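Subject: Structure handover

Hello,

Here is the structure I said I would pass on.

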Amino acid sequence: MKYHLHMIVLMLLALSVLVACNTVADPADPTDPADPSVITPAETDSAPEAEKVSVANCPQPEADTHQLMYAAQGICFLYPDNYDVLQTQDGSLALYVRSPLNTEAPMAIIRSEALEGRSIQEVIPDYPSEADLATMSLIAIELGEETATVLDHLPGQDRNRRVITTHDDKVYDLMIARIGDEYGAVGQEAEALFDQITSSFQFIGIEPEAPLMAGPECPEVTADTILFTNAEDGFCMLLPVGYVADDSLTTEGGGTETSVYVGSPLDVAHARLFITVEDAGGRSLEEVTADKVSEVETALPGSDVIWSFGYMLDGVWANQFEQVPMQDLSRQVVLVRDGRLYTLTFIPDDPAADAYVEIQALYDLVLDSFSFLW
């Protein structure tokens, strides 16, 4: 049985941003700039307030991309449409695939902080000193019409690339994790993520109270999918063509239930999904998980409860139970949001079942596309 504390996970995520940087190897030049000189904060010349770029001039999304607009920090850019965006309590942004803990895809973290008369080294402790900068062979790129220093292959939990620049008395720090030849296809995806963010990155006028805007509210329909929206429970998701959803059901406890199936909820030839939404009773995700473990152990004494953490649906942490004993073995994903407990039950979670391959496809599509409406 696995157990975790999400605060520890979030602390580790934050620590991955502040990686050590005492010595840096010569980086591979991703852009081959004409002038690879390093620009220090004193040499940066930002545009005056009146010349700041308008939100209307942010790059527009193209095929397979979404637009991120974060006016509270004065930035916008494009990112791949298979990524989700998480805004942390300190205002940092994490771009990830399915979960920030997913090591099978790159991750990007962007943070900014006001200099307020301080040096970059005071704001970012692992940024090289002026003396170190003078001895390093570094490259510079253009980031939103500012010159940014690129620090490549830094040590840390995962090897990464840092791009650091200043603009209007703020320092901006972009980290791309899992970058480099040793990561194979993941490293190549990280290079592509770096190229897309930096090539589309734009500074805009700061609006402190502006909300983060990232991607469409609901996922975009493809040729093999349909969009289902549950306005009452506040979520939408993609389903494979051929599936239908009935959201008129209720649970014994007064919650709601959405049934997703082909032909009939009793059709065992295809994978099925049931989504219940009910009052969490003031419980946290950890408490819900503990109650679920106790429920299974009580129903089947001596049974091995298989559960894991680190999943995320539209920025909300979730835990997953596998091969839960029911009439058919099920896979259950649970999360708590705004005091409500969401349970996604995929059936059958049994490798011997004919519909097992289909359940995996349904599971992948739903977890990747699940979005909250409010």
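Predicted model: local features only at pLDDT ≥ 70, side-chain atom pairs only at ≥ 80, totals over all residues.

Residues are numbered from 1 along each chain as its sequence is written, and side-chain values use heavy atoms, with hydrogens and water left out.

Disulfides

The whole structure was searched, and two disulfides turned up. A disulfide here is a pair of cysteine sulfur atoms within 2.5 Å. With the bonded cysteines numbered in sequence order, the pairing reads 1-2, 3-4.

C58 sits in the loop between α1 (6-17) and β1 (65-70), and C76 in strand β2 (residues 75-80), so the bond ties together parts 18 residues apart in sequence. Helices (H or I, at least four residues) and strands (E, at least two) are DSSP runs, numbered from the N terminus. The torsion about the S-S bond of C58 and C76 is about -100°, so this disulfide is left-handed. C58 has 3% relative accessibility and counts as buried. C76, at 0%, counts as buried too. Buried means under 20% relative accessible area, exposed over 50%, and partly exposed in between (1.4 Å probe, protein chains only).

C218 and C236 form a disulfide as well, their sulfur atoms 2.1 Å apart. C218 lies in the loop between β11 (213-214) and β12 (225-230), and C236 in strand β13 (residues 235-240), so this pair links parts 18 residues apart in sequence. Its S-S torsion is about -110°, so the disulfide of C218 and C236 is left-handed. Both C218 and C236 are buried.

Largest pocket

The largest pocket has a volume of about 940 Å³. Its lining has 36 residues, and Y83, D84, P216, D314 and S371 are the closest to the centre. A pocket is an open set of points on a 1 Å grid over the protein atoms alone, where a 1.4 Å probe fits, with protein on both sides within 12 Å along at least five of seven lines; lining residues have an atom within 4 Å of a point. Grid points are joined across faces, edges and corners, and the volume is the space filled by probe spheres set on them.

β3 (84-87), α6 (356-369) and β21 (371-372) each supply at least two lining residues. The largest share, five residues, comes from α6.

Best wishes
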